[in-house]
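Open the model in your viewer and keep the selection panel at hand. This tour goes stop by stop.

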Amino acid sequence: MTIPHKKLLLLPGDGIGPEVMAQARRVIDFLSQSGVATFEITTDLVGGASIEAFGAPITDAVIAKARAADAVLFGAVGGPQWDREPFDNRPEIAILELRKQLGLFANLRPAPVFEALIEASPLKADLVRGLDLMIVREATGGIYFGEPRGIETLPDGSKRGINTEIYTTAEIIRVGRVAFDLARQRDKRLTSVEKANVMESGLLWRETITALAAEYPDVALNHMYADNCAMQLARNPRQFDVIVTSNLFGDLLSDLASMLTGSLGMLGSATLGATLPNGKRHALYEPIHGSAPDIAGKDKANPLAQILSLAMLLRTSLHLPDAATQVETAVAAALNAGYRTADIAEVGAKSVSTTAMGDAVIAALVVGATK
Ligand code: IPM
Ligand code: MG
């Protein structure tokens, strides 16, 4: 059997990014030692770290490396020391540029509830038990990128800030297809979310998704206004299987959904491009959480979202489903064995460090491999 050879670009970023990435790296090294694949790994700077080194949150060289890689594993960016950077040079630009330049239009944000952590949810256990929700957020269009944009000075000296929500049918169809295809592999239910009652772009979204549904007769489609969807997520989240929505609504709703699980530090995500004529598909994987500057460098952060993002990467980009399952099983085993970082520990309970959680996952991988 030939062992696959895969190129990975690791972009740890700022704050807790490097600490949680270090634990994911240990998992990659374990997989490589156990002969799952050989990995050619490059690590580079993004966000504030790149601003310090090169004066910009991401360089063309890093974009080129991302393009050449089989997949990108991203940590987190940002921190108070860069709050005064000009608007177009903030650390967050790194992630927006990667999405835009690599055409990563479909942001998949799963929100599964881990039974071992059910008490960590701010909702009652009965409401979230078994929840397994997937938000598909459009990521290269909408108000994040629409023109015109900017801050203008009016003749009277006052100012006006402008952003524009734009969606073309082509953009709606391609993200819609990703969502319908996913729903097909899951519980076959899709909720499309917009504000068709007040926004023309939302009306076009609804009409386009409705037309696309003809190709997916096996998937039950419903439509929901974004405000109602926020309310329904808090009221009865299990009514949802897959949600598809715009860039901005997806940003908001995925933060809400992630908190239903009680464990922001547990959730990974994937952002995928189109499959190119050569069969390649650009993809970036990152935890949902941010750079958490308040706990950076303290060996306190939860590395599991980064490790679970790696599992998504193994499954989706590297086509190594067994390795992905192996990693996910090891994470579950670490939780079942009682390991908790501070973010998921019950009040007053003992918590372990980032490194110790990494140790627990590696130990579970070792046990799994010898079974
Ligand atoms: C996210 C983040 C980003 C976004 C920021 C960091 C640009 O909030 O990935 O959800 O708004 O898309
Ligand atoms: Mg966000």
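A residue counts as near a molecule if one of its heavy atoms lies within 4 Å of it. Keep in mind that this is a predicted model.

**Stop one: the ligand.** Select ligand 1 and show what surrounds it. Around ligand 1 you find Glu92, Leu96, Arg99, Arg109, Arg137, Tyr144 and Asp251. Now pick out the arginines. Arg99 places a polar side-chain atom 2.8 Å from an oxygen atom of ligand 1. For Arg109, a polar side-chain atom lies 2.7 Å from an oxygen atom of the ligand. In the side chain of Arg137, an N or O atom is 2.8 Å from an oxygen atom of ligand 1.

**Stop two: a helix pair.** Select residues 17-33, helix 1, and residues 354-370, helix 12. Their axes come within 10 Å and cross at roughly 15°. Angles under 35 degrees count as roughly parallel, so helix 1 is roughly parallel to helix 12. The crossing of helix 1 and helix 12 is right-handed. Show side chains next. Helix 1 makes the contact with Glu19, Gln23, Arg26, Val27 and Phe30. Helix 12 brings residues including Thr354, Gly358, Ile362, Leu365 and Ala369. The residues of this contact are seven nonpolar, four polar and three charged.

**Stop three: two loops.** Go to the loop between strand 5 (132-138) and strand 6 (150-153), where Pro148 is found. The peptide bond from Glu147 to Pro148 is cis, with omega near 0°. Then move to Lys188, in the loop between helix 6 (169-185) and strand 8 (189-194). What is phi of Lys188 near? The value is near 60°, positive in a residue other than glycine.

Definitions and conventions: Residues are numbered from 1 along each chain as its sequence is written. Chains are lettered from A and ligands numbered from 1 in the order in which they are written. This is a predicted model: local features need pLDDT of at least 70, side-chain atom pairs count only at pLDDT 80 or more; totals for chains, interfaces and linings use all residues. Side-chain values use heavy atoms; hydrogens and water are left out. Axes are lines fitted to C-alpha atoms, for helices over the stretch in contact, and angles run from 0 to 180 degrees between N-to-C directions. Helices (H or I, at least four residues) and strands (E, at least two) are DSSP runs, numbered from the N terminus. Angles under 35 degrees count as roughly parallel, over 145 as roughly antiparallel, 65 to 115 as roughly perpendicular and the rest as oblique. A crossing is left-handed if the near helix is turned anticlockwise from the far one by less than a right angle, and right-handed if clockwise. Contact means heavy atoms within 4.5 Å. Ala, Val, Leu, Ile, Met, Phe, Trp, Tyr, Cys and Pro count as nonpolar, Asp, Glu, Lys and Arg as charged, and the others, Gly among them, as polar. A polar contact is a pair of N or O atoms within 3.5 Å; within protein, one must be able to donate a hydrogen and the other to accept it, and residues adjacent in sequence count only if both atoms are side-chain atoms.
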